[in-house]
Amino acid sequence: MAEAGRPPGLGPRVSRRQAVRLLGRLGLGAGGTFALAACGSAGGVDKVVAPTGEGTETTPADTQASFRIGDLDAKADTTAPSELPAQRGSVDVTFATASRAGPRGAAMKWGLRRFGDERPDIRVRVEPEDGVVTRLVAGTAPHVAQMQQGDFLHLLSEDAFVEISGLLSQMDVVKEDYYFVPDTYTWNDLDHSSPSPRLMQGLQFGMPFQIEISGFVANATLADVAGVSLPDSENSWTWDDWTEWDAQMTDPDAGTFGTWARQNYHHQYMPMMYSNGLRKPFDDGLTKTMFDQPEALEAWEYLIGKITMHRTSPAFHETPAVSGDQSNPFAAGKIGIWPGGRVFSTGYGLAKIKERFRWTLLPEAVAMRGGPPAHLVTDTPNLVSSSAIRDGLEEPATVLTVFLAGEDFQGRVGIERGHMPVHKAAIGSPTSVAPPPDGMQWLKAYADRPANRSRFFFGTWWEWWQRNRTLGHKGWTGEQSPAEALELCQAWGVEHLSRYEHLKPFVREPVYP
């Protein structure tokens, strides 16, 4: 492991030559864009979107809280943060963010006003996130940028970001206060330990901001009609219970289904595999995938069986009809239990569901092998760019990232519910757990689980995942058996990783030697 978590070849400031060397080891070409998209919206195959998609649908215009770049929608009581009168001696910090609409935009609008009240000496100018990767390479980036993990790692050694570890120490940032995902705004040697490390560590270039996590939501009204008593405590339901309840809630005449099973890597089948005992998707040496393990196949077959065997989940081609005029079949009131990403973004669901039915988050189902429940967790952080050093704004830019990760702002995130709060006190506050929907306390229970996993990123993850998704799809459509499709995914993993010659991950203790 590199000394003190330092990226290989990196000094206090990174030369272009050193940048190209590390990029080659990571398998990420210099100067290009490596936008890591993730799993997403309605459909059998995860749609390529960024940020990850179940929580990011646009809300209707009449409920949408949005602001334009450098402006806010013209309303009597609004003034754009970027248009607030500049205090004498104040500095301008530019900030690129995707949080400009819906619940995320509402929280950001509130937060930048609050920040302006607390720090009138720092004037925030909001910029679009479009093209930020190219601008980082060119040295013309905003001072603070909200970015995906793949882009961060791609640009880490291009001298694109400022290490702020020392400043954070001076600001008395308590690292234990935050949920942590390695290698997203810190350098952790591509940490593939399982479970993933939970304490913020390593050289730091930003602060956590927008966490996404898997979990379960349920239509409590539909369950009541079907005579299903939904679980409300830990270890209170199993996969067998789920199968039984699916049958009760599925009604062809009413067009309802017990579950919405989907080929969703981040929010469905990988968390299910983890809860069933799979430690991680790759071996320690990153030479093959681990889909040949029985616990992986059991979870894969269980989910697909809801579509192809039990007919208690709509198939891919049926989803639009079941959804009707809504964005997905759960919002349409046609799904009993939905394992997915809606749990971290309930604000988007509230705007669509309104009061048409009562819904709730659920505890995790006990898997076939009875393993500890686990969730896949990702983060889209705010990073301090090298432009901050160029303009002498390293400290003000860092102050902004700390504020946006702090209890005050993340408490507002818990109210608007566009994503999961990253601050541990904020996620457990009364306003964050208050209904609707019911069961919001389970979001904190998900985040606190010690067996949670990160994405286990590596240099060519994107290429591997795209092909893995395509190969697995026929198992979900019934064109192949689930076992046949997963065997193809495993073979692809072996083939792809046998050619992987870039930076190998770090593992604290052997898992799959």
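This is a predicted model: local features need pLDDT of at least 70, side-chain atom pairs count only at pLDDT 80 or more; totals for chains, interfaces and linings use all residues.
A cavity here is a set of points on a 1 Å grid, over the protein atoms alone, where a 1.4 Å probe fits but cannot get out. Points are joined across faces, edges and corners, and a volume is the space filled by probe spheres set on them. Rolling a probe the size of a water molecule over the atoms shows where empty space is left.

The largest cavity holds about 170 Å³ of space. Its lining has 14 residues, and those closest to its centre are Phe180, Arg198, Val377, Ala447 and Asn452; a lining residue has an atom within 4 Å of a point. By class, that lining has 8 nonpolar, 3 polar and 3 charged residues. Nonpolar covers Ala, Val, Leu, Ile, Met, Phe, Trp, Tyr, Cys and Pro, charged covers Asp, Glu, Lys and Arg, and the others, Gly among them, count as polar.

Some ground rules: residues are numbered from 1 along each chain as its sequence is written. Local features need pLDDT of at least 70, side-chain atom pairs count only at pLDDT 80 or more, totals for chains, interfaces and linings use all residues, and side-chain values use heavy atoms, with hydrogens and water left out.

Now for the sheet. It is open, with 5 strands in the order S2-S1-S3-S11-S6 and mixed pairing. Strands S2 (122–127) and S6 (206–213) are at the edges with a single partner strand each, so one side of each has no neighbour in the sheet. The twist averages 25° from one strand to the next. Helices (H or I, at least four residues) and strands (E, at least two) are DSSP runs numbered from the N terminus, and two strands pair if DSSP finds at least two bridges between them. S1 (residues 91–96) runs parallel to S2, joined to it by 6 bridges, and Val91 sits opposite Ile122 in S2.

| Residue | Where | Relative accessible area | C-alpha separation |
|---|---|---|---|
| Ala138 | helix H3 (residues 132–138) | 53% | 10.0 Å to Glu158 |
| Pro450 | loop between helix H17 (441–448) and helix H18 (461–477) | 59% | 7.8 Å to Ala374 |

Along the chain, Ala138 and Glu158 are 20 residues apart, while Pro450 and Ala374 are 76 residues apart. Setting aside neighbours within four places in sequence, Pro450 is in contact (heavy atoms within 4.5 Å) with Pro195 and Arg198. Arg198 also turns up in the lining of the largest cavity.

Definitions and conventions
Axes are lines fitted to C-alpha atoms, for helices over the stretch in contact, and angles run from 0 to 180 degrees between N-to-C directions. On a 1 Å grid over the protein atoms alone, a cavity is a set of points where a 1.4 Å probe fits but cannot get out, and a pocket is an open set with protein on both sides within 12 Å along at least five of seven lines; lining residues have an atom within 4 Å of a point. Buried means under 20% relative accessible area, exposed over 50%, partly exposed in between (1.4 Å probe, protein chains only).
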